[in-house]
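Please read this report alongside the structure, taking one region at a time and finding each residue in the model as it is named.

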Amino acid sequence: MESPSAPAYRGLVPRQGLLLAASLLTLWSLPSTAQLTIESVPPNAAEGKDVLLRVHNLPGDLVGYAWYKGETVDSDLRIVSYVIDTQKTTYGPAYSDREKIYPNGSLLFQNVTLKDTGYYTLHATEKNFQSKQVTGQLRVYPTLFTFWSLPTTAQLTVESVPPNAAEGKDVLLRVHNLPGNLFGYAWYKGEIVDSSRKIISYVIDTQTTTPGPAHSVRETIYPNGSLLFQKVTLKDSGYYTLLATGKDLQNKQVTGQLRVYPSLLTLWSLPTTAQLTIESVPPSAAEGKDVLLRAHNLPGDLGGYAWYKGETVDSNHKIVSYVIDTQKITYGPAYSDREKIYPNGSLLFQNVTRKDTGYYILLAIDKNFLSKSVTGQLRVYLELPKPNITSNNSNPEAHKDPVVLTCEPRTQNTTYLWLINSQSLLVSSRLQLSKDNRTLTLLPVTRNDTGPYECETRNPVSAGRSDPFTLNVLYGPDAPTISPSNSHYLRGTNLNLSCHAASNPPAQYSWFFNGRPHHPTQELFIRNVTSNDSGSYTCLAHNSVTGLNRTTVKTITISEPVGKPSIRASNVTVTEHKDAVVLTCLTNDTGISIQWLFKNQSLLLTDRMKLSQDNSTLTIDPVRREDAGDYHCEVFNLVSSGISEPLRLDVQSSLLTLWSLPTTAQLTIESVPPNAAEGKDVLLRVHNLPGNLIGCIWYKGEIVDTSHRIISYVIDTQTTTLGPAHSGRETIYPNGSLLSQGVTLQDTGYYTLLATRNDLQHAQVTGQLRVYPSLLTLWSLPTTAQLTIESVPPNAAEGKDVLLRVHNLPGNLGSYSWYTGGKVDNSHQIVSYVIDTQTTTPGPASSGRETIYPNGSLLFQNVTLKDTGYYTLLVTDKDYQSMQVTGQIRVYPSLLTLWSLPTTAQLTIESVPPSAAEGKDVLLRAHNLPGDLGGYAWYKGETVDSNHKIVSYVIDTQKITYGPAYSDREKIYPNGSLLFQNVTRKDTGYYILLAIDKNFLSKSVTGQLRVYLELPKPNITSNNSNPEEHKDPVVLTCEPRTQNTTYLWLINSQSLLVSSRLQLSRDNRTLTLLPVTRNDTGPYECETRNPVSAGCSDPFTLNVL
């Protein structure tokens, strides 16, 4: 039996919609050529349409069927059942009165809703009482989908004008409510954006039109995005999608529909059970057009027809009659000479008028003189004139007057719409519409309501839009602003003040000085001001229409220029750590401020320096070598300044040093060998040990800490003492060198040697031990054939495949085994392979994603972050000798982009250089850009935001457009890379590159720019350069303080020996000695480092008393 035909309808499916395949669940296995299946016709349906769940490949000899809602057979969810022999239908609890079952088992849903979406199960029972079951899916979607949500009052829409078109006519897909700041549009045939279905695209700035593969030469795109179809055909019927791209390269999408009907009248034969109907073609017509009342499903054996105007058969209202056998046409009283009857009973109205609007009856009479009648309707509308806007007040006052705007003229059956600034009206408590939307009232008007306003009129056959109408809203003045902001001026300069206030009409301005009228002008100018011009200046703004006044007062002070100061010194030649000096700044000016300069920079005060209350006297007690140099004093007021001649201070040194090694005998540590494989021995060899030593101590790490002591050695007694960090593998030699046997990866790091002399002074030095995973073998291969493992690729993103490829396998092998980690452990075995039998055996560590190859290589499929680490290959030859080698897999989180590129063509951004100093240039270089690009745009931050756009580039036109985040230092290149010139630390952060292809599809990737300060040379300051032993604490500070900086201290050119007396601040910038001893004289140095620079201070020596 044939399956009943289901209503054909093409549903609207969102681009992001997830289409889940129906689960074909059966209780037994059918041949693949006769699989019991369910097909949804159509696959996706809009609300209100009909859907058929059609059954295919039902087995024979069935008793009946039953349908259930859901994926299981549950009597509470039964919809309907059907017994074949008796043709009996029984409804269940889930029946909604809209389902109909057919004899072939198919199920029809009428007028579907969103709640009908889901799975449905068919249960078929055979006469031998075996059952079969299959599940299908019904998908229902809302009828309108777009890629973004606009306010409902400004919804982007597509309107078909006319809504229904006859073949050969023209149709316009008119676009409403396009957003502003657009780059261009593209139209596609169908409901999805697919470059193979592109009809045409348009770039606004260049007015360039480009036809696509689906262009038929009959489509024309307009600058407002609308699309005209000329001479439409039935094949043009369907959905069309508009993609609008903004200059911020964000996309918006909407779908519209074009309906085309046959224009030729044909005779047809339908079953007599078909309902006799009349269709108006088109459904609505403009005056002067032609309309056909088409008759459908006329019965057979007819004698003739007659048409009547109205809803009753009345001979006075007869228009025309037709006798089929004789083809005789007879006109009635209601005939107007514009009607034409066709042999198939249809009636054509030519050049219709609004008076033709109404109902019409067709009376069909068969040859037995039995008659059937049906009523149809003809709708005729006026072709609307262009509307215009009138106002009750074109010059209203803000916050006072109401304004009523009216859309003229008034016409029947007309819809009125209002636009403000080309956007749909946002209704608020101040904006009120009349019941028919024809008048818009603003209660009251504000300065932001100027418009422009437009009104649209629409009926089923036409639409029109008025010219823009702008209100002249009167307001203000606001409180005026006086510029410039300066309040202090130097005697003899010019005073130029400007006043501005927001006002319509523009304000009138006048000035007052100390309350007295001055000048009626917007700008006030006084040449060569004197102290008499000091006082209050008032600007008054006046609106001559609103009658309002507003004022602002500004106080101006006129000051005298300061003279040149001089410096007096108590002594200009002093001895460090001993003498004090007093510097005095001499000036005759009053009401001034004083600051001190050292080496042409603002003086950074230390705790040895004191200033008098007015800053005129600087005392340095005691002086140090770093205090030597030129000093200036500067005096200034708010409008002028003066600076003294330099005064040079000479500081003589007092030479106090500790035990110092000759630079040619620097205490050092050498690692032998420099890089060691696991399991080897390493010697930390000591060079240039000083004489007269008591002994040596080794520590693990870079600081001296008893908990990290490895071993100590006393020279006179040759006594060795083991510490907490001794592992049983370290040996100390009389020359201070340290041997580490059988090193492991955990031994990698720094080691510190502390050497102590007979006078209890210390020398300290740090060395480094480096251990790498061993290419371990149990026998020796030639160096030209070293067994190695290569990771292909070296670094892999999650979800990709990685091959551990084996190179230089020896001959005569019997088997291989792979293990996780750096050693052979049976519990960590992944897989083994026997060469002769080609047998593969998975181990405990197998994840099911590893494949071993005959050449020993191991493939990892769909790697995860957990796969990162070391892997060991054990190869065994036929003599049962084995060798072992370790390789590494590195897995990284996959880079998130708007699309997936092959790993060999991942879109990435590289910062060149990776870290930059302020003032340098940095290039964000784009790699692996896809082809067929339209342009690029760069954004500051981690999101695409038009407010953060830096620059965009259109490839075809080479047009560059700058955005709000452009700083005049960025330069975009045709390959998409972005150059930053003269970078600052404010440039540090993330940047997004958005690449758009010629189909307006976009891809993005994020890169990072890092900018650091180029560090100045550091210097050391002290709270006390002449401390007393065992009494005074000393605080040494590494200056200046800078961000993202690492601070290190050296004593006697050695790393700092931390003890209970030596304390570092959290950031290492200050070093405190509690208390100082005679051995703490130094010299001290501090180092500063960041990713782009480093510096070391001059040596600093304490004069310990």
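## Backbone in the loops

Asn 1052 has its place in the loop that runs between β93 (1046-1051) and β94 (1054-1055). Although Asn 1052 is not a glycine, its phi is positive, at about 55 degrees. These values, like the others in this report, come from a predicted model.

Gln 87, found in the loop between β5 (78-83) and β6 (88-91), is not a glycine either, and yet it has a positive phi of about 55 degrees. Is Gln 87 buried or exposed? Its relative accessibility is 60%, and because a residue counts as exposed when that value is over 50%, Gln 87 belongs to the exposed class.

## Cis peptide bonds

The peptide bond that joins Asp 621 and Pro 622 is cis, with an omega of about -10 degrees. To find this place in the model, look for the loop between β55 (617-620) and β56 (629-636), where Pro 622 lies.

Another cis peptide bond joins Val 792 and Pro 793, and here omega is about -5 degrees.

## The largest pocket

Rolling a probe the size of a water molecule over the atoms shows where empty space is left. The largest pocket in this model holds about 1,100 Å³ of space, and its lining is made up of 38 residues, of which Pro 162, Asn 164, Lys 169, Pro 282 and Ser 284 lie nearest the centre.

Which elements give two or more residues to this lining? They are β12 (157-161), β13 (164-166), β22 (277-281), β23 (285-286), β24 (291-296) and β40 (462-465). When the lining residues of the largest pocket are divided by class, 21 are nonpolar, eight are polar and nine are charged.

## The second largest pocket

The second largest pocket has a volume of about 800 Å³. It is lined by 29 residues, and those closest to its centre are Phe 598, Lys 599, Glu 626, Asn 1019 and Ile 1020.

Two or more residues of this lining come from each of the elements β53 (601-602) and β91 (1019-1022), and it is β91 that gives the most, with three residues. By class, the lining of the second largest pocket contains 11 nonpolar, eight polar and 10 charged residues.

Conventions:
Residues are numbered from 1 along each chain as its sequence is written. This is a predicted model: local features need pLDDT of at least 70, side-chain atom pairs count only at pLDDT 80 or more; totals for chains, interfaces and linings use all residues. Side-chain values use heavy atoms; hydrogens and water are left out. On a 1 Å grid over the protein atoms alone, a cavity is a set of points where a 1.4 Å probe fits but cannot get out, and a pocket is an open set with protein on both sides within 12 Å along at least five of seven lines; lining residues have an atom within 4 Å of a point. Grid points are joined across faces, edges and corners, and a volume is the space filled by probe spheres set on the points. Helices (H or I, at least four residues) and strands (E, at least two) are DSSP runs, numbered from the N terminus. Ala, Val, Leu, Ile, Met, Phe, Trp, Tyr, Cys and Pro count as nonpolar, Asp, Glu, Lys and Arg as charged, and the others, Gly among them, as polar. Buried means under 20% relative accessible area, exposed over 50%, partly exposed in between (1.4 Å probe, protein chains only).
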